[in-house]
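Please read the following briefing alongside the sequence and the 3D view. It is grouped by topic for a reader new to this structure.

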Amino acid sequence: MTQTRYMNPYLAGVGLGLVLLAAYVLMGRGLGASGAFTSVVAAGVNTVAPMHARSSAFYKEYLPENASPFKDWLVFEVAGVIVGGLISGLLAGRVKRSIDRGPQISVSMRLTFAFAGGAIMGFGSKLARGCTSGQALTGGAVLSVGSWTFMLAVFAAAYAFAYFVKKQWVGG
Amino acid sequence: MAPFYQFGFFGEETGLSFAFVIGIGFGYFLERAGFGSSTKLAAQFYGRDLTVFKVMFTAIITAMLGLFWLAWMGILDLSRISVLPTYFVPQLVGGLIFGIGFVMGGYCPGTCAVASVTGKMDGWVHLVGMMVGILTFGELYPVLDIFYNSSAMGELSLDTLLGIPYGTAVFLLVVLALAGFYLAETIERRLAPMKPGS
Amino acid sequence: MKSPVKYLAIVALLAALLALLVQNPKERRRVSLALAELARIIESEEDHVTADELASMLKEGIGRLRVIDLRDSLSYLQYHIPTAERHSIPELVEMPLRTTDTLVLYSEGGVHAAQAWMLLAVQGHRNVMTLKGGLLAWMERSEQGSAPPLRSRPDSTGVKPPARKFERKPEKTRETC
């Protein structure tokens, strides 16, 4: 399958920025992602242990009284993200069942790291009240101090920790 | 006047369909930039491929300038746009944790969705892991509550913090970003022989 | 960098330069009712400062302390707390406020100060306090010697009043604000 080149990063960035701007202009709010997944988790907890979910100050926020937790702006947005990603992938010939990893790491190790990294990242995103789309991009555009702090912390920690997972990505 | 939803131009249901359409745009550009690939995302932190930096900061300054000028034109009512509240310490610590997870897993929440839908199994695994992480936070919340709500500074923006006008802050950030891009290009060019065709 | 990108960079730089010149587009104010947080602050009286406390803050020379008198200018010119600046409530709400300053608002009895406090609090300002009991409390403590007497010459607004004899007239019949 021939793959098209990636879009120029600056142009992609402008595209993203305009999408973010559209969200602000239309709704008065920015983008997000972690919140949508939290809704899914909250809905799951609610199904298994509704008393626990509804009495938790954390889950409660994602479980509206008389509506589905999925009837949420972010949930719809992330659903769109999935569709948009697929469209772009199909157009570029980049949809393929694969495991993205560096040249020197095994599949099982990569998947282990993916899971562990995902869990750590998920935890961090809740503590910080958002992720790179919700805090860094959205909050960054309105100059929120906490958002910029978050973004700088992410970069700093990622650079610092990169050494320890070097084998996973670039080998050696 | 904008934000249109807040002035009653359309209702919640329409808002949700806008969410979906906006999401499509979001996901489309994420994949276009190559963010459906963990190796490309992680490459940022080995100084090889600074796409993450370029895309993120271009997006931020684009939206930032857009907000400023739409407000200046009187089209956008800035007072109705929420500045995400600052909780300095939890956001700092959360950011550090997030950064570790990011370089370990290779994705953030939005990009792992894009990766998953384009067939990356590591994206799927990452997604599940992320939800486990969220669940862990939720279950630990009673203990984390106080920390989570500490150092609340309200809707604090950089210009207010520094006591400078909004426009000055925008200018400084844009100049910083542009300088960063120039630097990024220089760094990448020096490593060019090692980089596969972008 | 490719050609279209170079143009984008130039456009961005121009837009930023113009932003620097414009400084502030229309209104840039966000109001958020952090009800739980505000209720907690009010109940715990974190936002209050007593006359004695304010007096010692002035004596110690707490950096970046701004005492704001919210009464009308005539009353202000007759007497006010030392170092106080006078602002009307509409003025106060428009003023850009540094988060590093500490503001103490006062009015005759405290109601206007409390109301002005709320207007600032919903804009996110957490560095504002009110004088408990207002100017009347200050005058009472002043008579007892724990707070300095009021001044008639404005200290920090740079406004020169007409020469007037210092008069202390606590008119308790007047409506407290």
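**Chain A and its surroundings**

Among contacts in chain A between residues at least 6 apart in sequence, 58% join residues at least 24 apart; two residues are in contact if their C-beta atoms, placed from the backbone, lie within 7 Å. The model is predicted, so that local features need pLDDT of at least 70 and side-chain atom pairs count only at pLDDT 80 or more, while totals for chains, interfaces and linings use all residues. Residues are numbered from 1 along each chain as its sequence is written, and chains are lettered from A and ligands numbered from 1 in the order in which they are written.

**Chain A on its own**

- Chain A holds 9 helices and 0 strands; helices (H or I, at least four residues) and strands (E, at least two) are DSSP runs, numbered from the N terminus.
- The C-alpha trace of chain A spans about 50 × 35 × 35 Å along its principal axes.
- Of the 172 residues in chain A, 63% are buried, a term for residues with 20 or more other C-beta atoms within 10 Å of their own, the C-beta atoms being placed from the backbone.

**Where chain A meets chain B**

- In this interface, 110 residues of chain A are in contact with 110 residues of chain B.
- H1(A) provides the largest share of the side of chain A that touches chain B, with 18 residues.
- That side of chain A has 70 nonpolar, 29 polar and 11 charged residues; Ala, Val, Leu, Ile, Met, Phe, Trp, Tyr, Cys and Pro count as nonpolar, Asp, Glu, Lys and Arg as charged, and the others, Gly among them, as polar.
- H6(A) packs against helix H6 (residues 121-148) of chain B at an angle of about 35 degrees, with the axes 6 Å apart; axes are lines fitted to C-alpha atoms, for helices over the stretch in contact, and angles run from 0 to 180 degrees between N-to-C directions.
- The contact of H6(A) with H6(B) has 18 nonpolar, 7 polar and 3 charged residues.

**Strands of chain C**

- Strand S4 (residues 102-106) of chain C is mostly covered, as 4 of its 5 residues are buried.
- S4(C) pairs in the parallel sense with strand S2 (residues 65-69) of chain C over 5 bridges; two strands pair if DSSP finds at least two bridges between them.
- Val67(C) has Val104(C) in S4(C) as its bridge partner.
- S4(C) also runs parallel to strand S5 (residues 128-131) of chain C, joined by 3 bridges, and the bridge partner of Leu103(C) in S5(C) is Val128(C).

Note on methods. Buried ≥ 20, exposed ≤ 12 C-beta atoms within 10 Å, placed from the backbone.
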